[in-house]
Amino acid sequence: MTDTAQDPFATPPEATPTEALPAAPPRAAADYASLSLHKVLLVAGLAIATILPNMFISNLIEEREQRETGVRADFTRNWGPEQNLYTPVLVIPYQVNERPRQYIKIASTQLNLAANLAPQERKRGLFHATVYDAKLDMSGSFAVPSEAHLRSFLTAQDGRFMWNESEIMFGTASRLAGLRSTDNIVIDGVEASWRPCIESIRQEQVCSGAAMVLAHVPTVIPTLGTRVSFKSVLTLRGTSSLGVQHAGKDLAATFRSSWPSPSFNGNTLPVDSTVTPEGFEAKWEATEFGSPRISVSSVLVDQPMWRSTTIGVDLIEATPIYRMINRVAKYGLLFIVLSFATYFFFEVLSRLRIHVLQYGMLGLSLSLFSLLLLSLAEPIGYTNGYLVAAGLVLLQSTLYTAAVARRFVPTFLFALMLASLFAFIYVLLGLETYSLLIGALALFAVVSALMVLTQMLNLPGRLTSAPA
């Protein structure tokens, strides 16, 4: 009996149609599984490598910012410092026998101060600094206590007051730049001239600690209720900011300027302020209880005497160029990651094949954005520089994507994504209060979108529902 199934040399019978082998499943469309792990790692490495150019650009930004700081320091020396004013005080010399003189300083009971600042932009090459001319209009009065009350502040009470050598003192913490010889003071209706401290006192140690001028008081009667009134108009030059330290009782101050972006500082904020593109006006009102203060020492400037009320204003830039560019550079990795992610989804969803070198050229193009912004913002400003730099990078990367993809839809989607990212970063950096909140929400939305897109991919090892 012959059995064909047991004969190893027998020819197998032809398979009937009903016994045909099952057909192989159709090949899936190109997706993430068709991309090699090697390529994915290379693309990720390129994205991380783009941090290096941004680090070099950040160092360049810091170097340019330091050069601008040096230029500002030159203007401070040549034009005038950041002025910090000491309000007028009444100075009365006191001497015991042949000992060195003591000086009694009496703060004002009332001071009205109006400051008009005329700002200017001074440039040196591509760098600039904000300077100003300030016109100060001061008026006020001093209440002179009795001799018995003043002696209570003295340790040696057997000396004598030199009422005929009384002075009104005014000064700044650094230098009285811009003060003119025609800037005088009217004391009790009598005009007097301001004189440098060293010329009036003739002792350098007494005048140390500040830059001061003094004016002689014609007559002081040491009786309770005596008042010494004064009025003076002065001109000063300074850089960036103006501050006032007041030691008296009542202060009413008004600052005006055509500068559109002020920043008010000090321990007392304005009671009313108006800021417009044409300038600002701010008003302060302060009352120090227990004043006027009286201080006694061997020098004219007692720092603790002026620690009661401080006001001031900084003439800041509305858009500080280097700080904004530095913040843009920190978002450089975000540009790279989103652009590479867009290319990646083009590959897995549109059956494109993009070489690793093409990823690298795109990353190099986007890395130039911060450098272009730095080089353009210095001569034409931050806003114009941002628009031009973003337009150049957007045009270059879009044309390159068109050459890579050779399709309209992927190119249009990439251009839309990149343009939206440029616009979003510009708006985000312009927000001061809510920039962190909006940035965090935007990143959350981007991650959510990427999570949705990854569900469209047939990832290797992913569990799929078995056929019924």
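This is a predicted model: local features need pLDDT of at least 70, side-chain atom pairs count only at pLDDT 80 or more; totals for chains, interfaces and linings use all residues.
Cysteine 197 sits in helix H4 (residues 197–201), while cysteine 207 falls in the loop between H4 and strand S10 (211–216), so the bond ties together parts that are 10 residues apart in sequence. The torsion about the S-S bond is about -80 degrees, which means the disulfide is left-handed. Cysteine 207 counts as buried too, at 10% relative accessibility; the cut-off for that label is under 20%.

Now for threonine 398. This residue belongs to helix H8, which covers residues 382–405. With a relative accessible area of 15%, threonine 398 is buried. Its side chain reaches back to the backbone oxygen of leucine 394, at 2.6 Å. Setting aside neighbours within four places in sequence, threonine 398 is in contact with Thr411, Phe414 and Ala415.

Zooming out, the protein chain has 10 helices and 18 strands. It runs to 468 residues, and 42% of them count as buried. Among contacts in the chain with a separation of 6 or more, 77% come from residues 24 or more positions apart. As for the surface, the chain exposes about 25,200 Å², with carbon and sulfur atoms supplying 60% of that area.

Note on methods: Residues are numbered from 1 along each chain as its sequence is written. Side-chain values use heavy atoms; hydrogens and water are left out. Helices (H or I, at least four residues) and strands (E, at least two) are DSSP runs, numbered from the N terminus. Buried means under 20% relative accessible area, exposed over 50%, partly exposed in between (1.4 Å probe, protein chains only). A polar contact is a pair of N or O atoms within 3.5 Å; within protein, one must be able to donate a hydrogen and the other to accept it, and residues adjacent in sequence count only if both atoms are side-chain atoms. Contact means heavy atoms within 4.5 Å. Accessible areas come from the Shrake-Rupley method with a 1.4 Å probe; for residues, only the protein chains shown count as cover. A disulfide is a pair of cysteine sulfur atoms within 2.5 Å.
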